[in-house]
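Hi everyone, thanks for making time. I'd like to walk you through one structure today, so let's get it up on the screen.

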Amino acid sequence: MTVKDARDILGARVLVGEEFLNREVRSACGSDMMSDVLAFSKDHSILLTGLCNPQVIRTAEMLDIVCLIFVRGKKPDEAMLEMARERGLVVMATGHRMFSACGMLYAAGLHGGAV
């Protein structure tokens, strides 16, 4: 699956990183707790979260996550978007709740794998 596929499945808006939509993703993780995300150490992943703080960007960078999708209509501030831009991350936003967004991606073939 590509980041573009995930965007289309969720009807998400791209906030940063439109030029990276063709990146391949192999798995996804959904959490508002970055400690849980750190336990999920897969590369080329999507992180779905409703947590809007700079730690999300730092966590994504550490784990080679290529795309952040903010759920529940959350939108990161400009400082976070600039951090993501500098790190070459795709950042998107969707109005779906996390459970629904994860389920939609799972049904389309994107899996999380074992922790």
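Starting from the N terminus, the elements run α-β-β-α-β-α-β-α-β-α. That gives 5 helices and 5 strands in the protein. By helices I mean DSSP runs of H or I with at least four residues, by strands runs of E with at least two, and both are numbered from the N terminus.

A word on what you're looking at: this is a predicted model, where local features need pLDDT of at least 70, side-chain atom pairs count only at pLDDT 80 or more, and totals for chains, interfaces and linings use all residues. Residues are numbered from 1 along each chain as its sequence is written, and side-chain values use heavy atoms, with hydrogens and water left out.

Now the overall shape. The C-alpha trace spans about 35 × 30 × 25 Å along its principal axes. A compact globule of 115 residues would have a radius of gyration near 13 Å, and the protein, at 12 Å, agrees with that. That radius is taken over C-alpha atoms, and the globule rule is 2.2 Å times the number of residues to the power 0.38.

How much of the protein is buried? Of its 115 residues, 43% count as buried, meaning under 20% relative accessible area; over 50% is exposed, and partly exposed is in between (1.4 Å probe, protein chains only).

Let's zoom in on helix α3, residues 54–62. Its buried residues are Val56, Ile57, Thr59 and Ala60. They cover an arc of only 165° around the axis, so they sit on the same side of α3; the arc is that of the directions from the helix axis to the C-beta atoms. And what do they pack against? The partners are α2 (34–39), β3 (45–49), β4 (65–70) and α4 (78–87). Just after α3, Asp64 takes a positive phi of about 60°.

On to charges. Side chains of opposite charge can pair when their charged atoms come close. I'm calling something a salt bridge when a side-chain nitrogen of Lys or Arg is within 4 Å of a carboxyl oxygen of Asp or Glu. By that rule the count comes to 8.

Glu86 counts as exposed, with 57% relative accessibility.

Elsewhere, salt bridges that share partners join Lys4, Arg7, Asp8 and Glu18 into one network. Within that group, the side chains of Asp8 and Arg7 meet at 2.9 Å, N to O. Buried or exposed, where does Arg7 fall? Arg7 counts as buried, at 17% relative accessibility, while Asp8 is partly exposed, with a relative accessible area of 43%.

Thanks, and I'm happy to go back to any part of it.

Methods. Contact means heavy atoms within 4.5 Å.
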